[in-house]
Each structure stands twice: as C-alpha cells, then as structure tokens.
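Have the viewer open as you read.

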Amino acid sequence: MTTTHSWPKNTWYVACTPDEIAEKPLGRQICGERIVFYRSKEKAVGIADFCPHRGAPLSLGFVNNEGDLVCGYHGMVMNCDGNCKSMPGQRVSAFPGVRSYPVEERYGFIWVWTGDAEQANPDLIPDFSWFDDPNWAYGGGLYHINCNYKLMIDNLMDLTHETYVHSTSIGQPEIEDEPPESFRDGDTIVTKRTMEKIPAPPFWQNALRFNDLDPNVPVDRWQISRFTPPSHIMIEVGVAHAGHGGYDAPADKKASSIVVDFITPETETSIWYFWGMARNFKPNDTELTDKIREGQGQIFSEDLEMLEAQQRNLLDNPDRQLLKLNIDGGGVLARRMLDKIIAAEQ
Amino acid sequence: MTTTHSWPKNTWYVACTPDEIAEKPLGRQICGERIVFYRSKEKAVGIADFCPHRGAPLSLGFVNNEGDLVCGYHGMVMNCDGNCKSMPGQRVSAFPGVRSYPVEERYGFIWVWTGDAEQANPDLIPDFSWFDDPNWAYGGGLYHINCNYKLMIDNLMDLTHETYVHSTSIGQPEIEDEPPESFRDGDTIVTKRTMEKIPAPPFWQNALRFNDLDPNVPVDRWQISRFTPPSHIMIEVGVAHAGHGGYDAPADKKASSIVVDFITPETETSIWYFWGMARNFKPNDTELTDKIREGQGQIFSEDLEMLEAQQRNLLDNPDRQLLKLNIDGGGVLARRMLDKIIAAEQ
Amino acid sequence: MTTTHSWPKNTWYVACTPDEIAEKPLGRQICGERIVFYRSKEKAVGIADFCPHRGAPLSLGFVNNEGDLVCGYHGMVMNCDGNCKSMPGQRVSAFPGVRSYPVEERYGFIWVWTGDAEQANPDLIPDFSWFDDPNWAYGGGLYHINCNYKLMIDNLMDLTHETYVHSTSIGQPEIEDEPPESFRDGDTIVTKRTMEKIPAPPFWQNALRFNDLDPNVPVDRWQISRFTPPSHIMIEVGVAHAGHGGYDAPADKKASSIVVDFITPETETSIWYFWGMARNFKPNDTELTDKIREGQGQIFSEDLEMLEAQQRNLLDNPDRQLLKLNIDGGGVLARRMLDKIIAAEQ
C-alpha cells in the first residue's frame with residue numbers, strides 16, 4: 001500500500017527543542033509517524049515509538065546510565081539504532097528492531113529526517129547560522145494547530161492578514177495598500193513588502209522604545225518572508241525612522257528582528273508550529289527576551305482559531321477552488337516548489 | 001453526487017434570534033450547510049460561511065459601515081448577494097461568489113430558506129401573527145441537541161412523555177389515562193388531549209397562582225399540539241377550574257399559554273431547538289416572563305439526555321422497527337407529511 | 001452479516017457490582033451490546049437497553065413496585081424476560097420484546113452470559129467460593145480502560161512489568177532475575193514465579209507490618225497467576241520470612257493475599273476492569289480493607305496509561321508481529337485457549 005502525503009519526506013524537520021528531552025523521552029508524531037526522541041549521553045536520538053516486545057510506546061520508558069532507552073513496560077533496552085540491545089533474562093540478538101531516524105541538533109533545535117536515512121545529510125539543514133551568533137538573542141514557543149502545514153505557510157507568506165487578524169498589535173491598514181512582491185531566489189521563495197512614511201503600529205512602537213527611539217514619528221517598515229522547503233520561514237521585519245534608508249538604515253535609526261517559523265507536519269490536518277523571534281539588539285537582556293516572547297505568543301495565538309476554522313471549511317468543501325491573488329504569490333510559489341519536490345520523491 | 005437528506009429543503013427554518021447577530025456575525029450550520037448570518041444595516045442576511053479567497057469562515061470577520069461583511073483573514077468584502085464587492089488592492093469583478101440564502105426576519109426570529117432561492121416566498125412562513133400582538137408576551141431559549149429533528153417532533157407530538165420525563169412539573173398520571181386524538185387539519189397535524197376533573201400538577205398550580213386562581217381545586221386540562229412542516233410545533237396548553245368549559249372557559253377561570261417549538265436541523269443527528277412560551281396574561285410583566293423561561297428551560301432540559309440516548313440507540317440498531325401506537329399518531333402523521341414533501345422535492 | 005469478535009460469547013462475564021444497581025438501573029455496554037441491569041425484587045436482571053416502543057434506553061427508566069422495569073420516556077413496562085408486560089392505554093401482547101440475558105449473582109458480583117441463553121449454566125461460573133468464606137475479606141474497584149481485554153490479560157499474566165510500571169510499590173529488580181514458569185492446569189493457565197531471600201518491596205513491607213512481622217528481613221516471595229477463561233485472573237501473591245517454606249510457610253511467618261481480576265470487554269478496544277484484593281488475615285478490619293483498596297487502586301492505575309498507549313500503537317501498526325518471550329508464556333497460553341474457544345463457537 002502506498003500512501004501519498006502532502007509533505008516531502010527526504011528532508012529535515014524541527015522535531016522539538018532540547019528542553020523537551022532534557023528530563024525524559026518525548027513521544028511525538030511527525031509526518032504521521034510516532035517517534036520517541038531522547039538524549040543518549042550527549043547525542044539526541046529518534047527511533048520509532050514502538051517496543052518490539054509488545055508494542056508499548058517507548059516514550060513511556062526512561063534512558064539508563066549507558067544512554068540506552070529502556071521500555072517502561074517490561075524493560076526491553078533499545079540502542080540508538082533502534083535495535084534491541086538487551087532485556088533481563090532474554091537473548092535479544094534475533095529480535096527485530098524498530099526504525100531509527102537520523103537526528104541532528106543544530107541552531108538550538110532537534111531536527112529529524114523522516115525519509116530515506118541514506119540520504120540524510122546534515123549539510124542539507126538550511127544555514128541559520130546567526131542562531132549561534134552571540135550578537136543575536138532568540139525566544140520562542142510551540143503551538144499545536146489543527147491544520148495542514150501548507151495553510152500555515154500561506155499564512156506566513158502573506159502578511160496582509162496582519163491587518164485583520166492582528167489589528168491591535170502589528171496590523172495596520174497601510175499594509176494592504178502596498179502590494180507585496182514574490183519571487184524565487186535560488187532554493188527559496190521570497191515575499192517582500194515595504195511601506196514608507198507610515199505610523200508605527202503598537203508592537204513596533206514598543207520595539208522602537210526598546211531601542212531608545214522615538215515611537216511617534218513616521219517610519220519606513222519592511223517585511224521580507226523567506227521560505228525554505230519544506231516549511232521553514234524566516235521573516236525579516238522592522239521599522240526605521242522614515243527617510244534613513246528603511247531596511248538599510250543605520251542601526252541607531254531602526255528596530256528590527258527576524259520572525260522564525262519552523263512548521264512540522266504532525267498529520268495531514270495538524271502541525272507542530274515552532275515560532276519565535278531573533279533579534280540583534282540587547283541580546284543579553286533576558287527580561288526583554290521574555291517580554292517579546294510573551295507579546296509574540298499572544299499575537300501568534302490569534303492565528304490559531306482562523307487556521308483551524310479554515311481547515312474545517314476546506315475539508316467540508318474539497319472541490320472548491322481557492323483564489324490565487326498577487327498577495328498569495330509567496331504561498332503559491334512555495335506550494336509549487338513543494339509539489340515538485342514531492343513529485344520527485346515518488 | 002446526490003445526497004438524500006431527512007429534511008425538506010424548500011422551506012423556512014428558524015436560523016437564530018436577532019440578539020445572536022446584534023454584535024457580530026454568527027456562523028451556524030443549518031441543514032448541513034455552514035452559513036454566516038449577520039445584520040447588514042437593517043436587514044438580516046445569510047451567505048455561505050466560506051470566503052472565496054482562501055476558504056476562511058466569514059463568520060470570523062466583521063460588518064463594515066456599508067453593511068458589507070469583511071473577511072477577518074485578508075479583508076475580502078462580500079455583499080449581501082454573496083458576491084465579492086471589493087478587496088484592498090484587488091479587482092474582484094471576476095472573482096467567484098458564494099451562495100446567498102433567502103433570509104427573513106419575522107415574529108422575533110431570523111428565518112432562512114435552505115432550498116431553491118427562486119421559490120423562497122416569505123408568505124410561506126406560517127402565520128404566527130400573535131407573536132406581534134402586544135397582548136402576548138414571549139420568553140424562550142435555544143438548546144443544541146444531538147438527535148435527528150424528527151425525534152424532537154415525536155417528542156412534542158406525544159406529550160405522554162410528560163408523565164415520565166417531567167414527572168415533577170407538568171407530568172401527572174392522568175395524562176396517560178386519556179388517549180390523544182391525532183388528525184390532519186389542512187396543512188397541519190394536530191394532536192389533542194383533554195383531561196377532566198384532575199388535580200393541577202405543580203407547573204400549572206403556579207400558573208393558576210399567577211392568574212390569581214385557586215391552585216388546589218380540580219381542573220380541566222388540555223394539550224393541543226399543532227405541527228406545521230417542516231418542524232414548527234405550537235402547543236396550546238392550559239387548565240381551567242373544572243366545569244367552566246375547559247379550553248373554552250372564560251379568561252378568569254383558566255390559565256393557559258402556547259408552547260412554541262421551532263426545530264432546525266443542524267446535521268442528520270443534531271438540531272438547534274428554539275423553545276419558548278407565549279402567554280396572553282400579564283404580557284408586560286417581564287419578571288414573570290423570566291420566571292416562566294427559567295422554569296420551562298429546566299423542564300425542557302430534561303428531554304435532552306433522553307433524546308440523545310435514544311438517537312445513539314437508533315444509530316446502534318438501524319434495522320430495528322419502532323412501534324407506532326395511538327399515542328404516536330401525531331408523530332406518525334407528521335413524518336408521513338414530511339416524507340411526501342421530501343419526495344416531491346426530489 | 002456476521003461479525004467476528006475477539007471474545008467468547010457463551011460464557012459468564014462480571015457485569016457489575018450489586019451496589020451499582022442498588023438505587024436505579026444501570027446501562028452498561030458488554031461485549032459490544034448495550035444492556036440494562038437492574039434488581040427486580042431480589043433478583044438481578046439484564047435485558048437489552050432498548051425500549052421496543054421508540055428505542056429509548058431503558059436504563060433511564062425505573063423499577064416499579066412489581067419489580068418490572070418501566071421505560072422513562074413513555075412508560076412501557078418490561079418484564080424480566082425482555083417482554084412488554086403493559087403500557088398505559090395499550091394492549092401490549094403483540095408487541096415485540098427485547099433480548100433477555102441470563103444473569104447470576106455470585107461471589108459479590110453480578111454475572112452476565114452474553115451468548116446463547118440455552119447454554120447458560122450457572123455451574124459454569126468458576127469456583128471462587130472463598131469469596132463467601134467469612135475468613136476472607138475483599139475490597140476492590142472498577143476501572144474503565146481503553147484497550148482490548150487481551151492486553152489486560154497479558155499484563156496480569158506477566159508480572160515482570162511490576163519492576164517497571166510499579167517500581168515504587170510492588171516492583172523490584174529481583175522479579176526479572178527469576179524467569180516465570182507457565183503451564184496449563186486443567187481448564188486454567190498458570191504462571192508462577194518464586195523469588196528467594198530478597199528484600200520485601202514497600203507494598204509487602206506494609207503487609208508484613210499489618211501481620212505483625214518484621215518487614216526488614218529477607219523474604220521469599222511468590223506470584224501465582226491463574227487464568228480462567230474468558231478473562232478471570234486470580235493471583236496468589238505473598239512473602240514469607242525467608243527459609244520458612246515460602247508459599248507453604250506457616251501463617252505466622254507470611255503475609256499473602258489474592259489479587260482478583262475480572263476483565264469484561266466493553267468493545268474491541270475498551271474494557272471494564274474489576275480489580276480487588278482478597279485476604280485471609282484480619283478479615284473484619286474494614287479500615288485495613290479500605291487502606292489496602294486505596295493502595296491497590298493507586299498501583300493499578302499506573303497500568304492505565306501504558307495499556308491505552310499500547311492499544312493505540314497496535315491500532316497504528318496492525319501488521320506488526322509482537323514477540324512471544326518466555327515471560328509472555330502465560331498470556332500466549334491464555335490467548336491460545338481463547339482462540340480455541342472462540343473457534344469452537346463459530
């Protein structure tokens with residue numbers, strides 16, 4: 001039986017954050033597969049969350065001193081390759097193992113490769129090296145949303161929705177007056193929108209204040225969403241006091257950051273959404289990091305109801321064609337790129 | 001693909017009450033279709049709850065100053081016909097629209113026509129003109145119940161159940177001693193039961209008190225359920241001091257009212273049940289209206305568990321034939337009338 | 001349409017405890033069938049939970065003074081054979097009845113026979129006559145668990161899991177050092193494990209204290225699980241001060257009891273699990289009974305998460321073969337016995 005999925009398999013997805021496996025194993029369904037993630041000594045590991053003995057989830061077990069995962073039902077000890085290593089009173093050499101998944105830890109996240117393990121090259125993880133740069137600070141969170149991962153991509157590649165969904169924080173009518181530009185840039189898709197001489201909306205007024213800048217003067221604002229398959233979106237966002245070069249303004253005239261979005265399919269109708277914000281000002285101010293995280297978490301939670309209701313509507317109307325407007329260009333190009341990748345895999 | 005439904009489509013159903021759309025749009029599934037209801041200036045409107053742009057539910061949007069519904073995701077503006085009127089930065093003339101539903105406001109309710117719009121004649125809304133009569137007062141509520149709408153019709157066309165389900169309020173053993181009479185009367189089905197020289201049950205003792213009548217003397221009691229398709233049931237109920245003519249007794253010898261039931265299918269196994277009571281005594285006593293509503297709400301909630309458990313049992317036993325006794329005559333005649341209407345529609 | 005079930009039908013299952021039908025009828029699904037249990041005068045009765053009139057669940061009704069079950073919707077009176085006995089204003093003689101189930105009350109439980117009523121012989125209820133012995137005391141409870149009943153049998157026939165699932169109470173590493181012995185004994189399956197000169201785990205330390213025995217000296221420990229089809233498991237458990245004969249040690253050198261497990265399928269993926277403990281020391285100490293019940297309830301609740309997660313994993317991986325190790329011998333033999341019984345029924 002072959003099942004067609006809406007996502008690429010031979011690729012790296014964010015599985016979890018290190019703190020999620022710090023204390024005990026984590027069972028998480030990713031791309032339809034139940035996987036247990038855990039830390040074996042230093043290394044992050046992911047194997048099928050299924051004990052070969054009686055099918056208990058290994059994620060209910062524990063990691064022993066040798067760094068092996070022990071099933072919490074009858075004590076089967078699994079090694080990092082998904083093979084049975086030992087079991088009290090048993091000779092396990094002939095026991096079947098379970099699937100092991102290539103796992104990498106990078107940029108503060110645990111990544112998993114859900115396709116053919118032989119093709120799993122860590123170099124294929126996109127370069128987000130500023131994550132490791134001490135001049136940058138990152139704060140973020142995780143939401144579980146009941147929608148297909150492409151709906152979240154659409155959402156982030158068309159920020160026109162800010163005017164409506166986030167009207168009290170980052171939205172402002174000037175956004176939709178300015179059509180975005182969408183284009184392919186190498187292996188990424190970019191959607192860009194710039195607005196000139198506009199008032200800063202509340203979120204950005206705060207950011208200007210954090211940067212000791214007057215929040216009440218006209219600003220130039222930019223939003224540059226960059227999609228990297230399968231579902232990583234970095235959005236450069238910022239405002240500069242108007243007339244100083246906008247995106248290219250000197251640091252003391254602007255407030256900017258990068259919205260970080262890693263979207264991981266759980267099932268065809270649900271995702272793990274890792275969201276966050278990276279900034280290169282006051283990187284050591286952890287109180288500020290917390291404040292930004294809280295604000296962003298509030299704003300991003302406003303999308304949940306919309307996305308879940310949209311998903312339900314689409315399931316109810318499977319034959320209805322949706323519109324592809326210029327504002328949807330980023331999402332359309334991203335989907336086209338995904339379609340090609342998925343087709344090539346099959 | 002044709003799907004057969006258990007309900008007529010070319011007919012008026014109660015969709016909601018005006019207060020439900022006073023503040024913002026209301027998304028409600030009716031006869032299997034998701035519809036957004038809202039007030040456009042003075043007029044109540046209903047269109048498919050699906051934005052043609054990206055499938056977001058329009059009910060998460062808002063009504064603008066022109067009385068147009070604006071999608072809360074990316075700002076598509078829909079007019080009352082379900083057509084795209086405008087969208088920031090877009091030429092919408094070629095955009096496909098969504099279905100618009102004939103909607104009428106009458107008798108204090110918003111009505112929707114779920115079938116062929118060309119046949120939607122407001123004159124087909126049954127005449128409940130006493131709703132607009134200042135000598136009458138009305139109080140009611142809305143319950144969501146997980147059962148097919150015909151089970152609720154059965155319930156209301158056979159009040160024998162009062163003895164069991166509502167034994168502490170309107171039920172009394174004398175009800176089942178008196179067989180009801182069921183018959184067709186024009187385009188309605190009537191089930192009638194009269195009881196003579198019986199004690200008044202608690203609910204009616206209270207009603208007698210409200211009418212300054214002795215609650216402790218024998219009464220004549222009547223229940224006249226009138227079903228109008230598809231699912232409107234008005235029940236004339238009352239008691240009179242015995243020997244003064246029962247239903248025809250002079251006003252100062254009786255307490256009476258009309259139980260109002262509008263049943264609207266949501267799906268094949270769920271309904272919106274608009275229940276209430278209309279009375280022509282002390283119509284301006286709003287405190288009394290509240291008191292009656294509270295009492296009736298309590299009594300009618302007793303049916304919910306029974307109806308939902310009955311529905312579950314019927315789903316479990318699809319082939320089991322039910323009995324059609326004389327007490328079921330009203331429900332049987334009503335179902336027969338519905339079957340004819342549904343057959344004629346197909 | 002024939003449906004294959006994973007359980008025997010011509011057999012006795014525990015349906016409920018007497019207190020569950022003391023006040024009013026009890027609706028309970030057993031082996032996929034919805035049954036109402038009630039007490040008719042002295043006798044416990046079970047009939048299909050479906051009123052022949054309109055399909056209402058009879059379990060929402062009440063038992064009248066004649067010991068007949070009255071439907072709570074319109075008053076149909078059912079007798080203990082599942083036949084319609086009377087109904088106000090109706091001649092019920094030609095009305096179809098519903099299925100009646102053989103029911104027995106024995107050993108403090110209500111038992112139901114779910115198969116061919118003609119074969120229902122109360123003598124087929126296994127002999128647990130010590131339940132009626134005044135030298136024994138019993139305390140227990142009921143858990144609803146979302147798993148197939150065989151997973152619970154596996155659990156109880158392989159107590160190796162105590163080391164992992166119940167590590168803070170009855171588990172100890174010495175369990176898995178000692179391989180169990182599994183064999184058929186007449187119509188039962190036995191799994192036996194004995195451990196010598198080991199420390200007593202916390203639960204048994206307490207039990208030794210209750211018996212005025214030193215909890216801190218080495219003990220011999222035994223676990224003898226006895227499976228009687230379809231799903232009754234009695235486990236003789238105990239510890240004796242080491243060197244006094246273990247299981248056969250004199251009463252003043254040991255603490256022992258019987259873990260009682262009656263497992264009743266609700267559906268293919270859910271069970272009613274009647275658990276308890278019977279002891280022959282201090283049988284009249286009801287405070288002790290309560291204390292033991294509380295402790296056991298806590299320990300047994302630790303299995304729920306594991307069993308439900310295991311069931312979910314098995315549903316996700318229907319083709320995956322599980323291992324059958326020596327520790328699984330009891331479960332394997334029990335399943336084999338069940339397979340034969342089920343095959344013989346078909």
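A residue is called buried here when its relative accessible area is under 20%, exposed when over 50%, and partly exposed in between, using a 1.4 Å probe and protein chains only. Helices (H or I, at least four residues) and strands (E, at least two) are DSSP runs numbered from the N terminus. The model is a predicted one, so local features need pLDDT of at least 70 and side-chain atom pairs count only at pLDDT 80 or more, while totals for chains, interfaces and linings use all residues. Residues are numbered from 1 along each chain as its sequence is written, chains are lettered from A in the order in which they are written, and side-chain values use heavy atoms, without hydrogens or water.

Start with helix α4 of chain A, residues 202-210, where Phe203(A), Trp204(A), Ala207(A) and Leu208(A) are buried. Looking down the axis of α4(A), you find these buried residues within an arc of 140°, so they line one face of the helix; the arc is that of the directions from the helix axis to the C-beta atoms. An α-helix has 3.6 residues a turn, so residues three or four places apart point the same way. The cover over the buried residues of α4(A) includes strands β15 (219-228), β16 (232-241), β17 (254-267) and β18 (270-279), along with helix α5 (286-316), of chain A. Just past α4(A), Asp212(A) has a positive phi of about 60°.

Now hop to chain C and its strand β16, residues 232-241, which holds Met234(C). With a relative accessibility of 9%, Met234(C) counts as buried. Contact means heavy atoms within 4.5 Å; beyond its neighbours within four places in sequence, Met234(C) has contacts that include Phe128(C), Trp130(C), Ile224(C) and Phe262(C). Ile224(C) is ten residues away from Met234(C) along the chain, and their C-alpha atoms are 8.1 Å apart.

What joins chain B to chain A? In this interface, 25 residues of chain B are in contact with 28 residues of chain A. The two chains bury about 2300 Å² between them, 57% of it on carbon and sulfur atoms; buried area is the accessible area (1.4 Å probe) that two parts lose on being put together, summed over both. Phe50(B), Arg54(B) and Tyr73(B) supply 34% of the area that chain B buries against chain A, more than any other three residues. Arg54(B) also forms a salt bridge with Asp154(A), at 3.0 Å from N to O.

Definitions and conventions: A salt bridge is a side-chain nitrogen of Lys or Arg within 4 Å of a carboxyl oxygen of Asp or Glu.
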